[in-house]
Amino acid sequence: MSSPNALPPIITFLSDYGSADEFAGVCRAVIARVCPRARVIDITHGIPPHDVRAGALVLAGAIPYLPAGVHLAVVDPGVGAREGAAARRAVALRTGREGHLLVGPDNGLLMPAAARLEGVAEAVDISDSPRRLQPTSRTFHGRDLFAPVAAALAAGEPLAGLGRPLASGQLRELELPHARLSGDRLLAHVLHCDHFGNVILDATSAQLAALGAGLGERVSVSHRGRTVSALHAGTFAEAPVGELLIYEDAQRMIALAVNQGSAAKALGASRDDALQISAA
Amino acid sequence: MSSPNALPPIITFLSDYGSADEFAGVCRAVIARVCPRARVIDITHGIPPHDVRAGALVLAGAIPYLPAGVHLAVVDPGVGAREGAAARRAVALRTGREGHLLVGPDNGLLMPAAARLEGVAEAVDISDSPRRLQPTSRTFHGRDLFAPVAAALAAGEPLAGLGRPLASGQLRELELPHARLSGDRLLAHVLHCDHFGNVILDATSAQLAALGAGLGERVSVSHRGRTVSALHAGTFAEAPVGELLIYEDAQRMIALAVNQGSAAKALGASRDDALQISAA
Amino acid sequence: MSSPNALPPIITFLSDYGSADEFAGVCRAVIARVCPRARVIDITHGIPPHDVRAGALVLAGAIPYLPAGVHLAVVDPGVGAREGAAARRAVALRTGREGHLLVGPDNGLLMPAAARLEGVAEAVDISDSPRRLQPTSRTFHGRDLFAPVAAALAAGEPLAGLGRPLASGQLRELELPHARLSGDRLLAHVLHCDHFGNVILDATSAQLAALGAGLGERVSVSHRGRTVSALHAGTFAEAPVGELLIYEDAQRMIALAVNQGSAAKALGASRDDALQISAA
């Protein structure tokens, strides 16, 4: 079908499978069996276990940098549930951007990425896909369902043949907190803390600018009853070593960091914590 | 020798090298030098350090999903020892399943995988393989011995040329605990705790069924003098969030989990712990 | 330009990005966009955050085993700083060994590796490389600068076109501690503790030999006011399980280990700790 000299199809892969276990590796092996030509690019498998929101935000932040291909994402606390509050479909989505497809659970994980790829152009419910492995386990759909469907798409199979058509309006959206301005204060929340201890907030650059503290000026950050000062900086090294700064990160999110240290540790900050920020 | 359009040969790779250090990466680099066409699929490098049994069980559980190729596995507390109780050979094995070979230390690590690949058809002792790197370190045989031998096999070199013939009866078997029924109780052991905190037991489905607690019914689990209740479920989401369940996992092992939590933490369970399970 | 059957160009990749986040994965994705034929070999992303010295030592230790290609390394606490003490250039280096290039921050990280590759033959300052992504973030130069430049080199672009020429004498060297003999004692320092808890020192084999304790004999190790005994051994299993040993490791560094245990934990040792070693 394709020329032997053609470049291999790409599958990018993000999950909460961690690196301690074989889960991601076994999915890579299944992909190699279904589509031996595919090349897998691991984005990360270090999403905090079951944290659909963190997975969705990391995937959406990475999307502008990913090559065309199938983007496989698995953060799936509802795996195997067909009924009840936790029940979820498994889906494959063709997006508005040429050559970009998404595969994963229908729990909101894929939706911010889809929005950055010009929306969902075609959706199928792959819960009973003819491409799933048989027998299909109830607890490891990465291996038995998502990986083989992603590999079939990478091999060039049409989306429509891999499941049942689904209206895009039926897809589950992701719920996110939203920072807001209240008088001269910005009320924000911790979306995620990364490996360096950087604390990513739900605030925008425009909201931070509205406080009136420009680059090189300071803000006050109140968190759990404690107020600390942070330098509004362009990069880490503009603050003295060990000092807190607030900055726009490489995904254009507002974040807190400590130069050569961990803001998460310094603040004792965790996911979903509320903060108040104002000009100092 | 092979057509330029042929698919690359596959080496799967499992170890306890972790992701903090360069050990696995340097092995991948050595493979690329010896057999540039080979593609490495990392299964995991997160086996607990020196835990041969965990490595053997993870590899055997993954085997049914791996493509044909050379399966390189290194969990090797006896590395470099040629004498004494810890001495071990290094081996390469051709299995009964077409195209599947195993390379690693002869400490039991490879044997459950070999059993799932229709047994050992041909074995060689590669301790002094002509393909080992010179000088050969005494502490990093992954780099100096196992990776180059695996790459030579991937490049198509015959097994017999890579070491000295060995009778398969000389290979060291793995010792495993075995769950057993005693009256109306099942006496089981913790084989392994995974990244999600799922606690994998040595019990079989048949043993669990013998207790008489069907799906949706409850069992009592006694561990370290404490007795807790667990729901016999098909998947995580069938139990309320935070509640303990017992289930058959995706490798067909009996395991304990907490829906969206960690059973290992909830129970305080570690490798080799004994548990008693009975109908509630 | 190249034959379609040619082997893919190689990029090796080392960083302190960890496995919890998407940083390394996004760099891999950027490489795939700029040079789809390139193959990335991850050496490790587990360098302790901001530890330029650990990254430099790990890269230099790996170099003799790496295939020809572009060696991309990112440990970059000064990212984005253009002025002040932390300011650093970004550089790409052609080394004296045919086909080996280095890309990363000019903070000493690349220099021990360059020394093992017969020195720097040509250097360019890539801080404003025409190949950098636009807009260029100030905090993620791995994605926006180093990965696209490494990929352009892998695609065959000439070094000179990727930045401004730089005299190799302008490159920043790495500062390292140096063990020394004082009477019958060896004064050494902890360079790094690895995933197994092995403690790597700055001492040489010749310095250890000068103490007069041959293989199978014992040395005394004084650290933080405590003196313990260690067996001078060739490999871990020569010491009883749980016992401390001193040995030449696979990178020819002198190190302390505990057979099937962690010397770092047993000693309570950390980076830069001073130790005194003498014949027992």
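Predicted model: local features only at pLDDT ≥ 70, side-chain atom pairs only at ≥ 80, totals over all residues.
Q: Are the axes of α1(A) and α4(A) roughly parallel or oblique to each other?
A: The axes of helix α1 (residues 23–34) and helix α4 (residues 141–154) of chain A come within 8 Å and cross at roughly 40°. Only angles under 35 degrees count as roughly parallel, and 65 to 115 as roughly perpendicular. The two helices α1(A) and α4(A) are therefore oblique.

Q: How many residues of the contact of α1(A) with α4(A) are nonpolar?
A: Helix α1(A) contributes A:V26, A:C27, A:V30, A:I31 and A:V34, while α4(A) contributes A:G142, A:R143, A:A147, A:P148, A:A151 and A:A152. One of the contact residues is polar and one is charged, and the nonpolar residues number nine.

Q: How many residues apart in sequence are the parts tied together by A:D128 and A:R164?
A: The side chains of A:D128 and A:R164 form a salt bridge at 3.5 Å, N to O. A:D128 belongs to the loop between β6 (120–125) and α4 of chain A, and A:R164 to strand β7 (residues 164–166), so the separation of the joined parts is 36 residues.

Q: Is B:D76 buried or exposed?
A: B:D76 and B:R88 meet through their side chains in a salt bridge of 2.7 Å, N to O. Residues under 20% relative accessible area count as buried. At 10% relative accessibility, B:D76 is therefore buried.

Q: In which helix does the partner of C:D42 lie?
A: C:D42 pairs with C:R28 in a salt bridge of 2.9 Å, N to O. C:D42 lies in strand β2 (residues 39–44) of chain C, whereas C:R28 lies in helix α1 (residues 23–34) of chain C.

Conventions. Residues numbered from 1 in each chain as written. Chains lettered and ligands numbered in written order. Heavy atoms only, no water. Axes fitted to C-alpha atoms, helices over the stretch in contact; angles between N-to-C directions. Helix = DSSP H or I, 4+ residues; strand = E, 2+ residues; numbered from the N terminus. Parallel < 35°, antiparallel > 145°, perpendicular 65-115°, else oblique. Contact = heavy atoms within 4.5 Å. Nonpolar A, V, L, I, M, F, W, Y, C, P; charged D, E, K, R; others polar. Salt bridge = Lys/Arg side-chain N within 4 Å of Asp/Glu carboxyl O. Buried < 20%, exposed > 50% of the residue type's maximum accessible area, 1.4 Å probe, protein only.
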